[in-house]
Structures are given as C-alpha cells and as structure tokens.
Number of protein chains: 2
Amino acid sequence: MKSGPIKSGKDQQDESPVHCGTGKTRLYVEASLHEGARFEADKDQAHYLLHVLRLKPGARVLLFNGRDGEWAAELAELSKRACAFHVVGQTRPHQLLPDVWLLFAPVKRARLDFIAQKATEMGACVIRPVLTRRTIVSRVNDERLEANVVEAAEQCGLVALPQVGEAVALDKLLDRWSEEAPGRRILFCDEGAEPGGALDALTALAQAGARETPWAVLIGPEGGFAPEERARLKAMPGTLALSLGPRILRADTAAIAALSAFQLVLGDWRR
Amino acid sequence: MKSGPIKSGKDQQDESPVHCGTGKTRLYVEASLHEGARFEADKDQAHYLLHVLRLKPGARVLLFNGRDGEWAAELAELSKRACAFHVVGQTRPHQLLPDVWLLFAPVKRARLDFIAQKATEMGACVIRPVLTRRTIVSRVNDERLEANVVEAAEQCGLVALPQVGEAVALDKLLDRWSEEAPGRRILFCDEGAEPGGALDALTALAQAGARETPWAVLIGPEGGFAPEERARLKAMPGTLALSLGPRILRADTAAIAALSAFQLVLGDWRR
C-alpha cells in the first residue's frame, strides 16, 4: 500500500492534521517496525515533516504499518529534503480488526473518498468497490482509495487498516463467492427490506452465534439493487436483507450507518 | 429557513443532483402547500429550473416545506428569469421526525457541512452546535448549516427537516436545560465510557420505556469533553454515557454512528 503522491481528496480547508485527540504526528510506513529499525522516510513524508511541521532532528513521531502495532521513532535529518526514522520503542501492540468486509457500489469522487475514510474508522478489514447493474460510476482509482484509508488510519490513531480490494462486478463476485469468501455471510442493505426489523434481525443473528462468523456488509448504488440482484442475494445461504430505517440514505451515509449497526450488535463494539 | 444564495459546500464535482433513487426534482419552498396554491419560485430556484435543468412550462416538480408533506407542482414561466409553481396535488403526507436532537461541537467547514447533511438524513429533528471547553471552532454560519439541511432533505426525499438551533456554550445550555428541554434525556458519546457496553445500555433503556421520552445525542469535540463537563453530564438525571467502540472516531463519523445506534435501538428504525 502506497501513501505517496496520490492525494486523498482531503478538503483543502482542512490541511492541518486532525488527530482525533491523539495530538501526535502519526505516519503510515511500509517498513517493518522493531526496536532499532532505521529507514528513510519517503519523499512526501520528509517534506511534510521537515517543511510543513518543521520538525527538528530528534523529534518524535509515531509510526505504524498495519502489522506491527505502533512505534515511537526519532527523526534524523539526512539532507534538506530527506530524513530517516530511528525506531525506539513500541507504544501500542497490533490489534486485529473485526472480520467484516465493506462492499459498496462506488459513487462520485468526494463521496467515495469519504466512504474509504469512514469505513476505516468504523473498523472494516476489507473495503472493495462492487459494480452492480445500476452502478453509474465504473472506474475507481484504487490508489486514491488507499490514500484515503491511510489518511484516516494516521489521523484516527488506528494500528490496523483495511485492505483495499479491486473493483469487481457483483455478479462475478457472487459467482465465485464460495471460493473467494468461504463461509462469509452477507448483510445487504435493502430499501425493500421490512422496515422496523433491523434490531430484531441483528439480535437474533447474534444470539444464534453469528458473531463468530465472518461477514460482508454490502451497500447498493443510489438507485438500489436490481430485482435479479436482490433475488440472487436473498437466495444465498446466510444472507440478511437489512432495512436502514424509514428514510432513504445516500450511499456514503448508508455505509457508516450499516457498519455502526453491525459493530454495535455483531462486531467489536461489544465485549 | 432560506435556501437561497448560501452555498451548502456541496462538492463541485457533484453538481448534478443526486436523488437517492427518487429520480425527480424536489425543492424546498417556504410557501404553504395546498391544492391550487400558486406562487413564484425564488431567484436561485428559477435559475436552476429554467437554465440548469432547462425545464419547460408544464413540467412537474415535487415541493415540500417541512410542514405540509410533499406536493406535485407544475411549472409556469413568468419571464426568462422567473417562474411560478402551480400546486396540483399531494404526493406524500407529512411525517414527524423522531424526537431526537443532535447537539455537536462544531468542527471545520467541510466536516460541519457534512454533519448537517448526515444528521438530516439520519432523522434528527433539531441540530444545534454546542461550544464545549475544548471546542476550537467558535463561529458557526447558521445559514450555511440550514442550506446543507435543505440540500440533504431535497435530495433524499425527506418531507420533514430538522430545525437548526443557534450555537450555544455547553455550560449555558446545561444551566437552563430543565427549562429549555424539560424531560429530555442526553445520550453523550464519551471516549471514557466503558467500551463494549453500548448495545446492552441502549437495550436496557428501550426496555425501561425510554423510547417514549425525548432525547438529545451529544457529540463532543475532537479533544473530548473536559473532565468537569463529563462530570456535570453524568450527574444530570437520565443521561447515558455511550461508548462508540474501540476506535477513536472523528466528530462527523461519531455523529452518524451515534444517530445510527440511537435510531436502531431507541428511534424509528424500530416499529
């Protein structure tokens, strides 16, 4: 995963990093993190540290790579444009994300950035664009999705971050579901589902042991699923058609709302 | 509420209206809506209808005012720059929103736009900025909040829309809570609350009849509530400190996540 030159679409007014209360500079890196590790910062990070934040040699930052937890590192200046990290000690261990994927019909750019950021905060372990019959957007910039994931993870103090999956047609994905995602159940958000039954349906699943199985939350396009898609999803074993209440939600809102409901009842908002 | 010249901060790439599946042009108006009503469109709406959508006289649009439900109206051209609506019949009755307020510490502009839009979609009946001790943003543009509310309501097919309350200091608001909001309970999102207990706490409230009482969901600033604020909130009768899971959420994400949890268990996602 590269956090380099791809812009994440962060609002230009919002350039100063938001740290969600952590108050420290946190950066995603690709290198392995362990005590004594030394490696060079990539060009953009060096620019950010030396020329935007104007940190001096010896300044401490926090690093994570999605595998090794979070580590404190000291900055060493190599030149006017380059710096290195010297990893001094672990500040937090790695944490596993709940085993829930977010599959979503892509929307226009700003809202797509938003879905990637929010799904990261909400703890999805995979996020993947899915092209349904009524999906209007057909091209998705994976690197931009990844940059948004990294930004959200950096700013919100996460040590684990979701994997960004390649865009795929829903029909193709379902054709090979049993090989690609054996045993993974699908919770699909369906404007046609019985309204009012979401909590009871999720609670019944939790009571039947569904917190132990892997899940995928699937959000359709703004025009909804096609009837054939809905029928196919309903016919698959273990799927749940979930109503997100009486108001029609935009796709990006639906993604957060569905992940909230999932984490609250089936995911890691519970002990 | 005015939907006129204030820009809502909608992404410039996203100019074409998103209709969340309704597929029809919907506009918020201030006039009373009843069969046979005729009134002139405001200048911006006339421009949008005549020059952006290029609608012709006789074209049908949907109108709502937050009080009278949704009505079909025919367009009548008055001049090159002005048009009128002729209301022909009701398409949907008015619907009450659940009695839940969203009180939130304001954040920077793009995220503030976002909170107003998303709180509207999530069915809050009042949205109001609350300045806490650690809130950095101190000026809030009420008209911009309202424009975002109107935009979300227009695009997502809502007939009711939240009232935007004036920004207020949290301490002042709590001083006069019993007069301003008699009997209204506060659900405040608290990073310090016991993690893992959200569903049990909400379910216990629902079982104890709390679905019948008015609520306010309160989201703190990115630095969290000050200890005195947290202590004061906890000491108020009927408040609940809610944990939104093990990951720190940005304020805008927290607003949607909290409203989702509320609507799922205590609000109108249930029968």
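Guide: Over all chains of this predicted model, a search of the whole structure finds zero disulfides.

Turning to the aromatic rings, the search of the whole structure gives 11 aromatic pairs over all chains. One of them joins A:Phe114 and B:Phe114, whose ring centres are 3.9 Å apart and whose planes meet at 45°, so this pair is tilted. The pair crosses between chains, since A:Phe114 belongs to helix H2 (residues 109-121) of chain A and B:Phe114 to helix H2 (residues 109-121) of chain B, and both A:Phe114 and B:Phe114 are buried.

Another pair, A:Phe188 with A:Phe225, is edge-to-face, with 5.8 Å from centre to centre and 80° between the planes. Here the pair links distant parts of the chain, 37 residues apart, with A:Phe188 in strand S10 (residues 185-189) of chain A and A:Phe225 in the loop between strand S11 (215-219) and helix H7 (227-235) of chain A. Both A:Phe188 and A:Phe225 are buried.

Rings also meet charges in this model: the charged end of A:Arg26 sits over the ring of A:Phe64, 4.4 Å from its centre, and in chain B the charged end of B:Arg26 sits over the ring of B:Phe64, 4.4 Å from its centre.

Definitions and conventions
Residues are numbered from 1 along each chain as its sequence is written. Chains are lettered from A and ligands numbered from 1 in the order in which they are written. This is a predicted model: local features need pLDDT of at least 70, side-chain atom pairs count only at pLDDT 80 or more; totals for chains, interfaces and linings use all residues. Side-chain values use heavy atoms; hydrogens and water are left out. Rings of Phe, Tyr and Trp (its six-membered ring) pair if their centres lie within 6.5 Å; planes under 30 degrees apart count as stacked, over 60 as edge-to-face and the rest as tilted. Helices (H or I, at least four residues) and strands (E, at least two) are DSSP runs, numbered from the N terminus. Buried means under 20% relative accessible area, exposed over 50%, partly exposed in between (1.4 Å probe, protein chains only). A charge sits over a ring if NZ of Lys or CZ of Arg is within 6 Å of the ring centre and within 35 degrees of the ring normal. A disulfide is a pair of cysteine sulfur atoms within 2.5 Å.
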